[in-house]
Amino acid sequence: MALSWKLVIDSTNASVLADFWAAALEYEVEDPSALIEQLLAVGHIGEEAVVEHGGRKTFRGYAAIRHPEDPFDQTSGVGRGRRLLFQDVPEGKVGKNRLHLDVHSEPGGLGKLVARLEELGATRVREVDKGPAGHWWIMQDPEGNEFCAA
């Protein structure tokens with residue numbers, strides 16, 4: 001039986017990085033505001049655990065995105081499918097990623113994809129052209145995490 005999973009990405013501003021990746025992948029930012037309201041009402045969390053971002057309450061230091069077609073829990077907003085979770089950590093990124101995402105364009109659309117990603121805040125690092133074996137750009141998200149646009 002296959003296991004459920006999510007990819008967790010360390011960040012310095014989880015909500016802002018989740019916004020970037022949601023736009024880049026055309027995913028949805030999860031909305032935990034209903035769960036937060038319930039937890040606040042019964043005293044399981046205090047206001048210090050909550051921030052407002054994008055007009056709604058979210059957990060301080062955490063944000064997640066999910067594929068718009070995948071199921072999710074209506075109460076918590078948590079996706080039950082393809083999902084990325086961003087968590088704030090005290091240390092900054094050091095060195096090269098050991099794991100990265102590849103974002104694929106439609107056939108012939110690499111230039112358009114790269115331009116869209118740059119408009120969202122990504123930076124081009126290096127172009128790789130292997131001819132028939134592939135053509136892609138190594139890029140960085142707004143916090144410096146490497147990914148490929150192919």
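Buried residues make up 35% of the 150 residues in the chain. Keep in mind that this is a predicted model.

**Whole chain**

Show the C-alpha trace. Along its principal axes it spans about 60 × 35 × 30 Å. Now switch to a cartoon. Follow them along the sequence, and the pattern reads β-α-β-α-β-β-β-β-β-α-β-β-β.

**Two domains**

Colour residues 1-91 as domain 1 and residues 100-149 as domain 2. Their centres, taken over C-alpha atoms, are 25 Å apart. At the contact, domain 1 supplies 14 residues and domain 2 supplies twelve.

**The interface**

Zoom in on the place where the domains meet. About 970 Å² is buried between domain 1 and domain 2. Carbon and sulfur atoms give 69% of that area. Which polar links cross here? Five residue pairs are in polar contact across the interface, with both partners at pLDDT 80 or more. A search for salt bridges between the two domains returns zero.

Now select the domain 1 side. Two elements each give two or more residues to this side: β1 (7-11) and α1 (14-25). Helix α1 gives the most, with six residues. Sort this side by class, and you get nine nonpolar, three polar and two charged residues.

**Stop at Arg 83**

Select Arg 83. You will find this residue in strand β6, which covers residues 83-88. Is Arg 83 buried or exposed? Arg 83 is buried, because its relative accessible area of 11% is under the 20% cut-off. Show its contacts, leaving out residues up to four places away in sequence. Arg 83 touches Trp 5, Lys 6 and Leu 7, then Glu 30, and also Ala 64, Ile 65, Arg 66 and Val 78.

**Stop at Ala 122**

Move to the loop between α3 (110-120) and β8 (123-129). Ala 122 is found there. Its relative accessibility is 7%, so Ala 122 counts as buried. Which residues does Ala 122 touch, not counting those up to four places away in sequence? They are Phe 20, Leu 117, Met 139, Gln 140 and Phe 147.

Ala 122 and Asp 141 are 19 residues apart in sequence. In space, their C-alpha atoms are 4.6 Å apart.

**Stop at Leu 120**

Step back to Leu 120, in helix α3. How accessible is Leu 120? Its relative accessible area is 34%, so Leu 120 is partly exposed. Set aside neighbours within four places in sequence, and Leu 120 is in contact with Phe 20, Ala 23 and Ala 24. Phe 20 is therefore a contact of Leu 120 as well as of the buried Ala 122.

Finish with a distance. Pick the C-alpha atoms of Leu 120 and Glu 143. The two residues are 23 places apart in sequence, and 12 Å apart in space.

Terms used:
Residues numbered from 1 in each chain as written. Predicted model: local features only at pLDDT ≥ 70, side-chain atom pairs only at ≥ 80, totals over all residues. Heavy atoms only, no water. Domains from an automatic or database assignment. Contact = heavy atoms within 4.5 Å. Buried area = accessible area lost by both parts, 1.4 Å probe. Salt bridge = Lys/Arg side-chain N within 4 Å of Asp/Glu carboxyl O. Polar contact = N/O pair within 3.5 Å; in protein donor to acceptor, adjacent residues only side chain to side chain. Helix = DSSP H or I, 4+ residues; strand = E, 2+ residues; numbered from the N terminus. Nonpolar A, V, L, I, M, F, W, Y, C, P; charged D, E, K, R; others polar. Buried < 20%, exposed > 50% of the residue type's maximum accessible area, 1.4 Å probe, protein only.
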